[in-house]
Amino acid sequence: MPERSTTLPDDLRADVQTLWDYHDMHHELRPADVGIGLGSHDLGVATYAAELFHAGMFPLIVFTGANAPTTVERFPRGEAVHYRGHALELGVPDDAILVEPEARNTGDNITLTRKLLESRGIEVGSVVLISRPYQQRRAYATCKKLWPEVDVICASRPLPLDEYIESIGDVDRVINMLVGDTQRITVYAERGFAIAQEIPAEVKDSYDQLVKHGFTQRLL
């Protein structure tokens, strides 16, 4: 298998950076009732959830996620289960972690986590959604649609674009995911899965350019 590149080509940098910046909600972190780690291929989500727990941002973490085709090989026991194991290794106490192992999309992450917390009698007024950097906006829009009364703060590991690509180990994968998530902002709002989000002209232009370059693997 050829080695995957972690170098962002210069001719794509401006467009990729535009999408990267768009998906960052730039929320200011503040203490919340619960931290929710959204399952994915990125173990950094669990790392950052543990860091925020230790910083006193929330007293409880819910890791949510089953598997997707992109994660089943890496996390064969399920995303949330592996996230929990990683957080335990980072010193988060077992009684501070709940696992929701069934969610297969972001809507499931929100609704099933909410049901889990309600079943435990845990009242929630505010949450920190911890996700991949480019999932922030979609996670926010989904949560505001499905759990409108809760105060939502979005957070991701504070890595610059190039460092994030290096951590994932595959620049094409990151670009394809960015393009796919940008499309989903519009499509999921149209389907009633999320609230509508403004898409500035420069974001639309960068999205179109990257599609023309063939980054279409994650398009619906």
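Setting aside residues up to four places away in sequence, Thr-64 touches Ile-36, Gly-37, Leu-38, Gly-39, Ala-80, Glu-100, Ala-103, Asn-109 and Thr-113, a contact being heavy atoms within 4.5 Å. The model is predicted, so to speak of local features takes a pLDDT of at least 70 and side-chain atom pairs count only at pLDDT 80 or more, while totals for chains, interfaces and linings use all residues. Residues are numbered from 1 along each chain as its sequence is written, and side-chain values use heavy atoms, with hydrogens and water left out.

Thr-64 sits in strand 2 (helices, H or I with at least four residues, and strands, E with at least two, are DSSP runs numbered from the N terminus). With a relative accessible area of 0%, Thr-64 is buried (buried is under 20%, exposed over 50%, partly exposed in between, with a 1.4 Å probe and protein chains only).

Now for the cores, i.e. sets of buried Ala, Val, Leu, Ile, Met, Phe, Trp, Tyr and Cys residues joined through side-chain atoms within 4.5 Å. The largest nonpolar core has 23 residues, and Phe-63 is among those with the most contacts inside it, as are Leu-52 and Ile-130. Helix 2 (44-54), strand 2 (61-64), helix 3 (79-89), strand 4 (126-130) and strand 5 (151-155) each put in at least two residues, with the largest share, 7 residues, coming from helix 2. Beyond four places in sequence, the residues that Phe-63 touches include Ala-46, Ala-49, Tyr-83 and Ile-97. A second, separate core of 22 residues includes Tyr-134, Ile-165, Val-171 and Met-177.

Then there's His-26, in the loop between helix 1 (10-23) and strand 1 (34-38). His-26 counts as exposed because its relative accessibility is 59%. Its phi is near 55°, a positive value in a residue other than glycine.
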